[in-house]
Every structure is written in C-alpha cells, then in structure tokens.
Amino acid sequence: YKVQEEELEVEAIVTGQPIDSSGNLLDEEDLAESHGRSRVRMKKADAKVKVSNEVYTGHDGGNYCGTTNLKTDLKDKKNTKVTYCFTITNDGKSDLGNFYLVDPMLQYEERPDFRLAPGETKHFHIERWLDGSYENELFVKATAVLPDSDMVIPGDKSIAEAKAKSKIKIE
C-alpha cells in the first residue's frame, strides 16, 4: 500500500462476552460493547541521504576531515598511514535510522546506532596503513523512521542510498 500524508478517521467497535472474577462466562444478555473514534495523521516518507568520502595521509583521529589541501599524492612511501573521512547528511524530510555503511576495499562494514533528523550531518573516520594506490567507495543505506522511534515509515521513498569514491596515489 502507499502511505500519503493525510488525516484518517478510524472507528473501532469491540464486542465480547464478559467473564466473572473466576473466569466463568456471564449471560449473553450481558454482552459488552465499546466504541471509539480517533484521528490519525499518516506521515509520508521522504528519505534522502548524501555522503562524501575524503582521504589524506597521516593518523590524527580524523582532525583534518572536512578541511582543504589534504596531501593525497605521495612518492616512494610504502606502509603509509592514511585516514578516510566519511560525512553523511540527511538530505530528505524524514528522520533517518537503521544505517548500513560498507566499503569493500577498506574491509569496513558497520551498522551504527544513530539517527539523523532532516539536515543533520554525522562524521566518521577510519585509519588504515596502505602499500599502494587505492580507490575506495563507501556505500550508505538508511531508512525513514518516525521521530523518536525506530518504526519504519512505509512507502516508495522509505529507503535512501548513496555512494562516494575517494582515491589516494602512493608510489
């Protein structure tokens, strides 16, 4: 089914035969019935995620992530320390959760436990030792969730995916 953002009016009627404190059924004429109405607002999923992927030489706890003029081209360096920086941004209108991050070249796979409200950004970094030139690609997948919940918002725009490449040349 497709979820639209709209108000729905729901009416529920519940009937049942009451029992006494010993669990014995009471007479049929004592049949209980309850009515209730409520208004529900359905939220339309709008999941979009953006990712950037940078790499630079050195291990420093990711301090240079997001800066410019990163040194990424080295000569005659083997067993070089490098830091990969990943920036994930919620580019949609729904909260995002249930993240899955994977970069096969870096042998990195994680399902971090965090959520991003629309417009929010999260930074990650990974430190590695490399012996040559590499091009990596980070894949990110996230799901639209209700605010303050891990409950998935159903719909055709409930899953967001993105990928980003970075390259480092070491000779």
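The following legends describe close-up views of a predicted protein model.

**Figure 1. Overall fold of the predicted protein.** The secondary structure comprises 0 helices and 10 strands, and from the N terminus on the elements run β-β-β-β-β-β-β-β-β-β. Of the 171 residues, 32% count as buried. The protein exposes about 11,100 Å², and carbon and sulfur atoms supply 45% of that area. Among contacts with a separation of 6 or more, 69% are made by residues 24 or more positions apart.

Figure 2. The average pLDDT of the protein is 77, and 71% of the residues score at least 70. Over residues 1–8 pLDDT stays under 50. For residues 1–8 the model has 21 contacts beyond four places in sequence. Where pLDDT is low, predicted coordinates should not be read in detail.

**Figure 3. The largest nonpolar core.** This core has 28 residues. Those with the most contacts inside it are Val49, Tyr84, Phe86, Ile88, Phe99, Tyr108 and Val140. At least two core residues are supplied by each of strand E3 (49–57), strand E5 (80–90), strand E6 (95–103), strand E8 (121–130), strand E9 (134–145) and strand E10 (159–170). In soluble globular proteins, nonpolar side chains tend to be buried together.

**Figure 4. The surroundings of Phe99.** Phe99 belongs to the residues with the most contacts inside the largest nonpolar core. When neighbours within four places in sequence are left aside, Phe99 is in contact with Val49, Ile88 and Val140, among others. Further partners of Phe99 include Glu110, Arg111, Pro112, Phe114, Arg115 and Leu116. Lys141 and Ala142 are also in contact with Phe99.

Figure 5. Thr87 lies in strand E5. Thr87 counts as buried because its relative accessibility is 16%, and the cut-off for this class is under 20%. The side chains of Thr87 and His123 are joined by a polar contact of 3.1 Å. Not counting residues up to four places away in sequence, Thr87 touches Lys50, Val51 and Ser52, as well as Thr121, Lys122 and His123.

**Figure 6. The salt bridge between Asp95 and Arg115.** The count of salt bridges in the model comes to 2. In one of them, the side chains of Asp95 and Arg115 meet at 3.6 Å, N to O. This pair links distant parts of the chain, 20 residues apart: Asp95 is in strand E6, and Arg115 is in the loop between strand E7 (108–110) and E8. Asp95 counts as buried, at 15% relative accessibility, whereas Arg115 counts as partly exposed, at 28%.

**Figure 7. The salt bridge between Lys48 and Asp46.** Lys48 forms a salt bridge with Asp46, and the closest N and O atoms are 4.0 Å apart. Asp46 is buried, with a relative accessible area of 12%. Lys48 is partly exposed, with a relative accessible area of 43%.

Figure 8. Phi of Asn98 is near 50°, a positive value in a residue other than glycine. Asn98 is found in strand E6 and counts as partly exposed, at 40% relative accessibility. Gln107 has a positive phi of about 50°, although Gln107 is not a glycine. Gln107 has its place in the loop between E6 and E7. Gln107 counts as exposed because its relative accessibility is 73%, and the cut-off for this class is over 50%.

Conventions. Residues are numbered from 1 along each chain as its sequence is written. This is a predicted model: local features need pLDDT of at least 70, side-chain atom pairs count only at pLDDT 80 or more; totals for chains, interfaces and linings use all residues. Side-chain values use heavy atoms; hydrogens and water are left out. A nonpolar core is a set of buried Ala, Val, Leu, Ile, Met, Phe, Trp, Tyr and Cys residues joined through side-chain atoms within 4.5 Å. Buried means under 20% relative accessible area, exposed over 50%, partly exposed in between (1.4 Å probe, protein chains only). Helices (H or I, at least four residues) and strands (E, at least two) are DSSP runs, numbered from the N terminus. Contact means heavy atoms within 4.5 Å. A polar contact is a pair of N or O atoms within 3.5 Å; within protein, one must be able to donate a hydrogen and the other to accept it, and residues adjacent in sequence count only if both atoms are side-chain atoms. pLDDT is the predictor's confidence in each residue, from 0 to 100. Accessible areas come from the Shrake-Rupley method with a 1.4 Å probe; for residues, only the protein chains shown count as cover.
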